[in-house]
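Me: I am new to this structure and would like to go through it slowly. Please set out the terms as they come up.

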Amino acid sequence: MNKTTLALTLACLFRSGLLSCGLVLAAGLLAFALAAENDTLEVFLKTKALETNPLETNALETKASEAEVFKAKSLGLPAKETDTPYVALGQWLPALLTQFNQLSEVQAQLTRQQQAELAIQAADRAVYNPELGLNYQNADTDSYSLGLSQTLDWADKRGVATKRAELEAQILLADIGLERNQMLAERLLALAEQAQSRKALIFAEQQLRFTKAQLSIAKQRLAAGDLSNVELQLMQLELATNTADYALAEQAALVADGKVIELLGNNNFAFSEFIKEIHVFVTQAKQAPATELSPLTSTLPALASAYQQVLLARVNAMQVKADTSADPTISLAAEKEGTDNKLGVGVSIPLQVRNNYSELQAVADKGIAIAEQGYLARERVLTTKQKQFLYALPRLLERYQDWRELVQVSGAKAAKSLSQQWQAGDVSTSEYLQSRRQLAASYLVGLNLETAIYQSWLTWMGESGQLMPFLDGSAEQISQAPSHMPNAAARTVNP
């Protein structure tokens, strides 16, 4: 007799009333044992549907379709059937960036940019204004004089000041861009951690529900004499542990929600996993020739500010030279004394005898060397971090893919066999619970791997200043690129 026939027979006996209460209980336990397999679970639900009225049939069929999802998730086994459709990065990111650009911190950055532009305009003005002099002398012969003088910008102080303002503006823009990259990376990481915490919360809730169902089966087995009281106590202890795990998961989810609210103003954003895009980005970066790493590092946006600092130090040396240079002053005077008219022209030049400002020039020259060394140090740090990134993240992605394959294939088979053996009495309750904990731990390890991938990628992209250019220029293209990374379970977790 096959399993389908046995299940239908049990249902018919139950409906006809030919079985006593003990036989009914035994038949129910046997049916639950057979229901651990996918095809038998559907048959068991269909046989139960024969006892109900037609109005309840649709609901039971819905439960049958949901049973696989519940069983897979409660065992910590995200299956392909439970994956939500993949959502490309370019579909949910624009709304997030719009909200991000409305933050007060970002608006302040925009104001600072406008301030820098005004500073350039202010520097590109004449250094010296003309001077007008009037003089009257009351004497035997009254005299009147009118003078006009103008100091010449012989050392081009105006040009140097304009260059300095432009460089300072470029440094400010580079710093703002890097700051904005880090701000966005921090907020994306907060959203990723929120998504992971919600997954963990859903998983803890499903574990709790599954343990309650298993405890009900254990009580039935105890009544049938198939389970000891000690094993029932172990199941109750497992339920208490799952309840505590659920409470801790909810607390972690609340903390993650609070962090998102703190950074973005609310906690409801259309966020979806983008490990696929990360995988494509890392693959392309890893396939780049080793000779291209140095030029790539030199063009990182995070180095723009340090490079502009070197140029600014050189301009500072030019400015010291210009400020300490002697600019001549030309004067033109007209004087009337009695009936005599006089016209005078004069030139004055400061004499740098007591102070030639050589020390100030030496200090400015040392500033150039300091700026150059600072740039080299910054480049060395970024080069090291880039090598660490290209070394560590591909391995994290490989381990993540291995985890996915093992959990979906081997883990699913092990969980299915484990449940069958426990319900049949072939495995003790303690061994069964220990194996379930191992399966649950494997799922949580996968969540930690996902979080580590997001943290590693976003931290590097924020520190190197590549995040905003990547999202602005190539998010849609990379989303459409082929990838061998499988979709993760519960792909979209935020509402």
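Reply: A residue is called buried under 20% relative accessible area, exposed over 50%, and partly exposed in between, with a 1.4 Å probe and protein chains only as cover. This is a predicted model, in which local features need pLDDT of at least 70 and side-chain atom pairs count only at pLDDT 80 or more, while totals for chains, interfaces and linings use all residues. Residues are numbered from 1 along each chain as its sequence is written, and side-chain values use heavy atoms, with hydrogens and water left out.

Me: Is glutamate 179 buried, partly exposed or exposed?
Reply: The relative accessibility of glutamate 179 is 33%. Because that value falls between the cut-offs of 20% and 50%, glutamate 179 counts as partly exposed.

Me: Which residue forms a salt bridge with glutamate 179?
Reply: A salt bridge here is a side-chain nitrogen of Lys or Arg within 4 Å of a carboxyl oxygen of Asp or Glu. The partner lies in helix H6 (residues 104-123) and glutamate 179 in helix H7, so the pair ties together parts that are 67 residues apart in sequence; helices, labelled H, are DSSP runs of H or I with at least four residues, and strands, labelled E, are runs of at least two, numbered from the N terminus. With the closest N and O atoms 3.6 Å apart, the residue that bridges to glutamate 179 is arginine 112.

Me: How are H7 and H13 oriented to each other?
Reply: Two packed helices are described by the angle between their axes and the distance between the axes. The axes of H7 (residues 157-223) and H13 (residues 429-464) come within 8 Å and cross at roughly 170°, where axes are lines fitted to C-alpha atoms over the stretch in contact and angles run from 0 to 180 degrees between N-to-C directions. Angles under 35 degrees count as roughly parallel, over 145 as roughly antiparallel, 65 to 115 as roughly perpendicular and the rest as oblique, and H7 and H13 are therefore roughly antiparallel.

Me: Is arginine 221 buried or exposed?
Reply: The side chain of arginine 221 meets that of aspartate 226 in a salt bridge, at 3.0 Å from N to O. Aspartate 226 is partly exposed at 38% relative accessibility, whereas arginine 221, at 3%, counts as buried.

Me: Where does alanine 88 lie?
Reply: Alanine 88 is buried, with a relative accessible area of 14%. The C-alpha atoms of alanine 88 and glutamate 273 are separated by 8.7 Å, although these residues are 185 residues apart along the chain. The place of alanine 88 is the loop between helix H4 (54-74) and helix H5 (89-101).
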